[in-house]
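Here is a quick briefing on a few spots in a protein chain. Have the sequence and the 3D view handy as you read.

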Amino acid sequence: MKVRSSIFASFILILEVVGVALFLRGFFPVPLKSSLSSKSKLSDLPAEPLAGSSPNSSRLPQPLFKRVVIMLVDALREDFVFGPNGRRYMPYTRHLVERGSSHSFVAKARPPTVTMPRIKALTTGTIPGFIDVVMNLNSPALLEDNLVWQAKAAGKRMVFYGDDTWMRLFPKHFMEHDGTTSFFVSDYTEVDNNVTRHLDSTLKRDDWDILILHYLGLDHIGHISGPHSSLIQPKLLEMDDVLKKIHGALVSKEAEGSLPNLLVLCGDHGMSETGSHGGSSEPEVNTPLVLISPGFKRKVGMEKPEVVEQVDLTPTLALGLGLPISQNSVGRVIPGVFEETSLRDQLRFLHLNGHQLSCLLKDSTPDVEKESGFEQFRVAERAHGSWMKLFLEGNTSEVLNNMGRKVLKQYLEALASMSSALSKQLGKYDMYSMVAGTVFVFQLLLVLLLAMPEALSGEATVDLPVLSALLSLPFYLMCLLLASVHVLVCTSAESSCYFCSLSWGLVFAAVAFSSAMFFILISMAMRRLPLGPLIHGKSPLRSSEWSLSELDVLLLAGTVGHTLSLAASSFVEEEHQIWYFLLNTLCLAVFQDVCRKYFREQSASGDEEETILPAKDCHPSARPRAEVFPERWLALATPPFTLLCCRLLRSLNQTGVQWAHLPDVGHWLNSSEHRMLLSLLAAFCLLLIYFLVQRRCSWVSKVALALGLLGVYSYRAAVGNVGFPWQRSGRATSKGTVEARFVYVFILGILFTGTKDLLRSQIVTADAKLKSRGLWEIYSGLVLLVSLLFRAHNLPVLCCCLLIQTLMAQFIWKRLHYDAAQTTIMHYWFGQAFFYFQGNSNNIATVDISVGFVGLESYVEAPAVFLTALSTYTGPLLWACHLVCYLSSERGRRSPVAFGHGCYCLALLRSVPAAAYIVLVTALRYHLFIWSVFSPKLLYESMHLLLTAGVCLFFITMEQSPGSSKS
């Protein structure tokens, strides 16, 4: 069965997306859960240990607190409270930390540091996985055992105001609530006022036991302008006033003989130096945890805060409120909170926490007896029983007290060891799904590689031996074998497996497809052997057809080298350096080719048609010698100019991990004292964008583009990034909703015009020039949209992208007669480099979610996700779209197979690193940096694979049939 290269490549990519999705489902582990389906109950609590035969009481110590107020400030970094600026940012809070009745800690949040997983960690005590980053957009109800459910079951009356993620996670748990959306990051004022407006009336009432407040304004300011913005201090002072109001109200309601109240100030995650979060840098994972209560000792000075895990708050609050600890919690109680209670109660608290952790450890570890923490707990439990026997006998000697302190220390060591062991596990990998997904992807990759000679041939068609594979007896035997293996694995698996949970229809389809791919692989491999072509009655390929030029060797070596570099965590963190190096090397190689062409042409005896590089899909046309001289110098200047642009762009945004904290040109431009310079730069960039893009548009699109770019500047002026000369510096900023929607109108108009021309060329007239213009107008609309989404200091990135594309297309790719495969690989390399020039990295924290709300009054999921993805992958998408326009231009028309070659090369360039990377992360799944470095990169690779599949589908629609290639 013969299929076109573009259809074949797109089909392979789509199936690879399915295989990678199956791998992801198995790789991102399901959080540790107890085997018991029900939630913890007071009746299930173990008895106090007692040496001897008679059982002891199973009582729970009395609650330590009457009421609890949890004030959660989103993105509150620990240095905002404990750092040098703490007294200036939050003076009252800092006074309580230094002189009040409080305990202060630095609570470390585990990545991913985004809101929904962190709320789950705070309420369940578990460590959510990276798959919760996706679930963060649409949080389902939390069904596992958690602190909020336990409080409700115990009759606690709860009130909540703030981020509506809590209301989605805990529906019908609060007797009173008022939610605000967490995704509309342009609002940092009303989103907090909607919480504070309830405080006065709520604090006066006595009809609640737990009050939870989740403030979002600080997080939104971080996304908009970063942690060093002038907006940070006023917002932190506002939060400090709120805490002062709550603390004063709680103190005024303290009564003699009653239990004290507790005020908790915490953050769900921190904030990176760019204002985002999601990664594992110190500013993102270190959050303050301040516990304030009259039941604590009064401080006499500033002490260095102790470091605890964020999940430790869950068992501490549970026992402080007289509730059972959540079954799946991996946290350990914070000892300082219970230091004012009796020694018996302290030991009882630690015993309950140890019993819960030991039960969870039994469920998750087959050889639990070998775990040092489990054995330490059993030793401490026996010592606790001996102490209880002496205590109940009335022994009050100092020896008994020393013995109790020793047991306390043993418990703390056992808790630390068990909590650490559980945290390291994070969950259980679904190895069967991972292996099935990996085999699936590698089968497709091998088929893609074996089809290379045919896919890049002059016909650009691939002969797939589908019928011979499906009609062979071994195919059915293989299906039976794989089905048997599936049944065997699913019936013997100790843990749940996603692939086993699929319906038999889907499983049989997967088994049949995998078996067919296996025999297609064998058949195609046989054709590639020296005797294969003779057996099939075909002439073998001549070696001259596959001779490699120096540039081909460079492109091949660079692609393979980049793939191999993904095995090292440092190379993944600093991947941008690899692409910068490869791009610089490519420019030098192109410069060498330019010198060869023009200087050899000059020295040749009148042979102006001589070409140095082989041209597979184009034919050079003769030009007068007078035109060669200015063209020669422009061609010679293009590679050095590209190198200069790349060097300047590297200084614009510091990215990666090692040097991301260093100041860059982007931070310098965004400072308030350089606002005028940024305004001039933005205006110049928008003018340059217009002149570079409008040249091939219709006059209607030119007018729309000009007005749209004017609207882009107006939007940036409205939100306060840039200014008009007549604007006063103290002018209040707005959300820029009207200006952004003004731009959207022109974007839609340009896209409509381009789509209309494209459909006419494809359906009505088969006019190649009309098709080329339609493609360019769609590209222009995309550029206008990107101009709106990019921050003002990033507009030079877009300018340089368009300028390099124009120069390379005019003076390099056409004049040096690079074939479609070489041009595609160059486009891919440029796209990867520009991904990092934007300021992106392999860290989730660099995803700018604020662009998802440009022009929106409220959070709407579909456009927010689309705009965020487009902004993040602007570099690769713009270069891929330019590739389509370029191959469809005058040069591309002369080779109908150019689209097929380009589509195949794109598929191969994405398939090789994606397939290699899933093998690497499988081998490194117990690596120290698997969750902080390798897992985020896996998500980026998967998303890039999906986008490339979409681009290849666009290639199919644009590919010209042989009959319509001439117009």
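Two residues count as being in contact when they have heavy atoms within 4.5 Å. Leaving aside neighbours within four places in sequence, Thr874 is in contact with Val786, Phe790 and Gln838.

A word on where this comes from: the model is predicted, so local features need pLDDT of at least 70, side-chain atom pairs count only at pLDDT 80 or more, and totals for chains, interfaces and linings use all residues. Residues are numbered from 1 along each chain as its sequence is written, and side-chain values use heavy atoms, with hydrogens and water left out.

**Thr874**

- You'll find Thr874 in helix α37, residues 874-887 (helices are DSSP runs of H or I with at least four residues, strands are runs of E with at least two, and both are numbered from the N terminus).
- Thr874 is buried, as its relative accessible area is 3% (buried means under 20%, exposed over 50%, and partly exposed in between, using a 1.4 Å probe and protein chains only).
- A polar atom of the Thr874 side chain sits 3.2 Å from the backbone oxygen of Ser871.

**Ala107**

- Ala107 belongs to strand β4, which covers residues 102-108.
- With 3% relative accessibility, Ala107 is buried too.
- Along the chain, Ala107 and Leu289 are 182 residues apart, yet their C-alpha atoms are separated by 5.9 Å.
- If you skip neighbours within four places in sequence, the contacts of Ala107 include Val285, Asn286, Thr287 and Leu289.

**The disulfide**

- A disulfide is a covalent bond between the sulfur atoms of two cysteines.
- Going by the cut-off used here (a pair of cysteine sulfur atoms within 2.5 Å), the count comes to one disulfide.
- That bond joins Cys490 and Cys500, with their sulfur atoms 2.0 Å apart.
- Cys490 is in helix α21 (residues 473-492) and Cys500 is in helix α22 (residues 498-501), ten residues apart.
- Why is the disulfide of Cys490 and Cys500 called left-handed? Because the torsion about its S-S bond is about -90 degrees.
- Cys490 is partly exposed, at 25% relative accessibility, and Cys500 is partly exposed as well, at 24%.

- Cys645 counts as buried because its relative accessibility is 6%.
- Cys800 is in no disulfide, and Cys800 is buried at 14% relative accessibility.

Methods: Polar contact = N/O pair within 3.5 Å; in protein donor to acceptor, adjacent residues only side chain to side chain.
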